[in-house]
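Reader: I want to learn how to read a structure like this one. Can we take it feature by feature?

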Amino acid sequence: MLLDHLQNSRDVDNWRENEPLFSVPAPVAKKQTIEVRDPLHVFVKLSAAELPVLNCRAFQRLRHIHQLAMSYLVYPGATHRRFEHSLGVMELGTRIFDVVIDAEHLTDEVRDIVPTDPFDREYWRRVLRVAALCHDTGHLPFSHAAERELLPEGADHETLTEQIVRSGEMQAVWQEMKLDPSDIVLLAVEPEDVGVLPPWQAILNEIITGASFGADRMDYLLRDSLHVGVAYGRFDHFRLIDTLRILPPAPVDAGQIDEQNARDPEPQLGIEVGGLESAEALVLARYFMFSQVYLHRVRRIYDIHLKDFLQAWLPDGRFSLDIDTHIATTDNEVLAAMQTAAHDRGHPGHIHARRIVYREHFKVLYAPTPDELAANDEAAHQVYAAAVDRYGEDSVRFDRYTKGAGSAEFPVLQANGKAGSSTSVSGVLAKVPEASTHHVFVAREAFDDARKWVDANLASLTEPRAEEVDDPDDGKEGS
Amino acid sequence: MTPSRVSLLLAVLTDKMRAHDSWAGETHLQKAVYFLQTMLGVPTGFKFTLYKYGPFSFDLRDKLTEMRASGQLEMLVQPAPYGPQLDTGPGADQLRNRFPKTLRTYDRQLEYIATRLGGLGVGALERLATALLVTDEAPDATVEERAEQLNAYKPHVSLDAAGRAVEQVDEMLEEARGLGITAAH
């Protein structure tokens with residue numbers, strides 16, 4: 001049956017003439033390199049020693065975690081997963097590593113932070129590659145960003161990533177590879193979770209997670225752009241990577257030359273001036289991808305409905321920090337539960353599941369114009385509060401999110417051999433706006449009435465309100 | 001404290017820092033807010049981590065980005081090779097009009113921070129802010145112990161400079177207590 005199918009399909013053309021379709025492979029020498037086809041980087045190569053990382057449960061789980069959550073409900077092509085993204089981060093991170101430690105690319109100001117011993121360099125290259133592979137293993141199903149609401153207090157996906165890297169299951173892998181898991185964690189986790197690092201480790205962390213030129217950012221922009229089907233995320237990453245350098249930071253102010261500091265503070269990733277246009281293209285790509293894709297209103301409301309469903313479905317409304325439970329919980333389990341809930345009126349997540357499964361998502365009731373925002377930055381929140389009073393809490397949602405162009409501020413190695421601030425040498429970078437969203441959503445059952453109500457009362461609803469009473473939250477944290 | 005009130009404090013701090021000759025780049029504001037929150041107890045609610053140039057808040061970076069998106073702050077590009085400055089934008093006026101009470105409550109603290117830190121460059125701010133961090137971590141430690149810790153965190157800061165920074169932080173704490181503008185420390 002299978003033979004018939006193969007012989008009747010075009011696949012049969014791919015078999016060499018006279019080669020049996022089923023055979024016992026002849027013994028061959030163990031392959032030292034594994035090649036994985038990738039739509040972005042063509043081939044991603046792994047050594048045989050790295051294969052156990054690829055095959056571990058935590059990494060294989062990423063085959064079932066959508067990179068862009070439920071964006072596929074808006075952009076049907078956006079079905080790619082964190083598995084291939086993580087391979088891409090390893091590929092780009094390795095390329096960046098090889099470029100920036102090239103002796104010809106190191107200036108005297110930073111040369112001493114790079115290990116001189118070739119064995120040390122090779123060790124850190126391996127650490128960087130597996131850290132890149134592991135950096136997303138802690139992500140929740142659908143890569144959900146609402147970790148504050150969906151994980152125990154104080155935890156985020158980096159907490160889970162660290163637990164996975166340090167888990168007993170992974171110890172054998174690291175021992176075989178002669179890698180210290182603490183070193184992997186230092187490079188895999190965002191700087192806000194690891195804090196200050198020695199200069200060399202800080203550079204390696206930046207190669208993966210950096211806000212300006214991290215391999216994570218480069219790969220997700222290129223990959224998301226490819227799968228979503230928009231051209232905005234493209235930029236010349238080949239040229240950009242070739243011009244990346246380890247540089248001293250550009251002067252932050254005119255008084256920075258300061259004899260009390262023994263030497264310049266920590267170096268960082270920057271570019272030589274020849275790569276400035278490709279860096280500008282990266283920053284612009286990030287802005288366009290945020291404004292057009294990541295902050296798309298329907299994508300945002302699906303994220304909110306998904307969060308509502310998860311809170312209703314999960315025990316105590318939160319994911320567990322137990323590693324076995326984490327590894328066993330993927331998008332597949334959530335989707336299966338959502339389908340069940342959508343058909344079961346008694347399920348606690350029924351209404352939220354319906355919103356997603358039957359595309360009954362809330363609609364945008366109000367989004368302030370730039371002028372309205374400049375006159376009152378709480379305009380959308382005021383409309384939200386009034387809509388909740390009118391239609392009830394279950395029928396209204398508020399979404400406020402801002403993402404900058406990322407760090408458009410980085411050192412540029414100028415023709416005079418000195419590092420200058422990117423915004424001082426680029427006519428473009430300082431002008432890239434911030435992508436921002438303020439949306440009030442309302443249940444579609446209430447939409448027509450709500451729309452008329454907002455139109456009739458917009459001025460009073462969005463009028464700036466002066467402070468009359470003590471701030472009820474004064475003294476509490478939260479901003 | 002509500003997000004808009006935090007925006008107000010950041011906008012007023014930016015104006016006051018500039019009035020006291022600060023370069024007022026993001027790094028300068030980061031350190032000033034760290035002092036405002038950690039030394040004087042103003043509840044801005046940012047989470048700080050030891051990072052480049054000392055304590056740094058990624059939440060605050062996001063907040064400054066949001067304020068730029070709302071026209072409450074603007075970036076002023078500087079000639080090469082220097083980094084940009086921040087200034088208040090037209091969107092900041094509404095904040096002053098809406099929250100006069102909050103402004104009155106914290107005006108002295110904002111003025112004190114701007115007066116003491118406004119004239120400092122980023123190197124000096126890094127030393128002082130890290131000195132405050134090590135003091136916050138171990139308030140009963142001696143000057144020498146805290147200086148050693150500062151030097152361990154920031155090896156490019158000499159031990160002598162670290163000691164002077166710790167002493168300066170102690171003086172500021174004493175002064176702020178005397179002025180009655182600090183939370184119990």
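Reader: Start with the surface. What does the accessible surface of chain A come to, and what percentage of that surface belongs to carbon and sulfur atoms?

Author: Keep in mind that this is a predicted model. The accessible surface of chain A comes to about 22,100 Å². Carbon and sulfur atoms hold 50% of that surface.

Reader: What percentage of the residues in chain A is buried?

Author: Buried residues make up 54% of the 479 in chain A.

Reader: Now the fold. How many helices and strands does chain A have?

Author: Chain A has 22 helices and nine strands. Next, look at contacts along the sequence. Take those in chain A with a separation of 6 or more: 72% of them join residues 24 or more positions apart.

Reader: How do I read a single helix?

Author: Begin with the general idea. An α-helix has 3.6 residues a turn, so residues three or four places apart point the same way. Then check the length. Helix α4 of chain A covers residues 82-100, which is 19 residues. At 1.5 Å a residue, α4 of chain A should span 27 Å, and its end C-alpha atoms are 26 Å apart, so the two values agree.

Reader: Next, aromatic pairs. How many are there over all chains?

Author: The count is 16. One of them joins A:Phe59 and A:Phe83. Their centres are 5.0 Å apart, with 50 degrees between the planes, and the pair is tilted. A:Phe59 lies in helix α3 of chain A (residues 57-60) and A:Phe83 in α4 of chain A, so the pair ties together parts 24 residues apart in sequence.

Reader: Are A:Phe59 and A:Phe83 buried or exposed?

Author: Both A:Phe59 and A:Phe83 are buried. Compare another pair, A:Tyr220 with A:Tyr294. This one is edge-to-face, at 6.1 Å centre to centre and 70 degrees between the planes. A:Tyr220 is in helix α12 of chain A (residues 215-228), and A:Tyr294 is in helix α14 of chain A (residues 276-294). The two are 74 residues apart, and the pair links distant parts of the chain. A:Tyr220 and A:Tyr294 are buried.

Reader: Which residues form one aromatic cluster with A:Tyr220?

Author: A:Phe290 and A:Tyr294 form that cluster with A:Tyr220.

Reader: Last, charges over rings. Which residue lies over the face of A:Phe83?

Author: A:Arg63 does, at 4.0 Å from the ring centre. Likewise, the charged end of A:Arg300 sits over the ring of A:Tyr401, 4.6 Å from its centre.

Terms used. Residues are numbered from 1 along each chain as its sequence is written. Chains are lettered from A and ligands numbered from 1 in the order in which they are written. This is a predicted model: local features need pLDDT of at least 70, side-chain atom pairs count only at pLDDT 80 or more; totals for chains, interfaces and linings use all residues. Side-chain values use heavy atoms; hydrogens and water are left out. Helices (H or I, at least four residues) and strands (E, at least two) are DSSP runs, numbered from the N terminus. The expected span of a helix is 1.5 Å times one less than its number of residues. Buried means under 20% relative accessible area, exposed over 50%, partly exposed in between (1.4 Å probe, protein chains only). Contact means heavy atoms within 4.5 Å. Accessible areas come from the Shrake-Rupley method with a 1.4 Å probe; for residues, only the protein chains shown count as cover. Rings of Phe, Tyr and Trp (its six-membered ring) pair if their centres lie within 6.5 Å; planes under 30 degrees apart count as stacked, over 60 as edge-to-face and the rest as tilted. A charge sits over a ring if NZ of Lys or CZ of Arg is within 6 Å of the ring centre and within 35 degrees of the ring normal.
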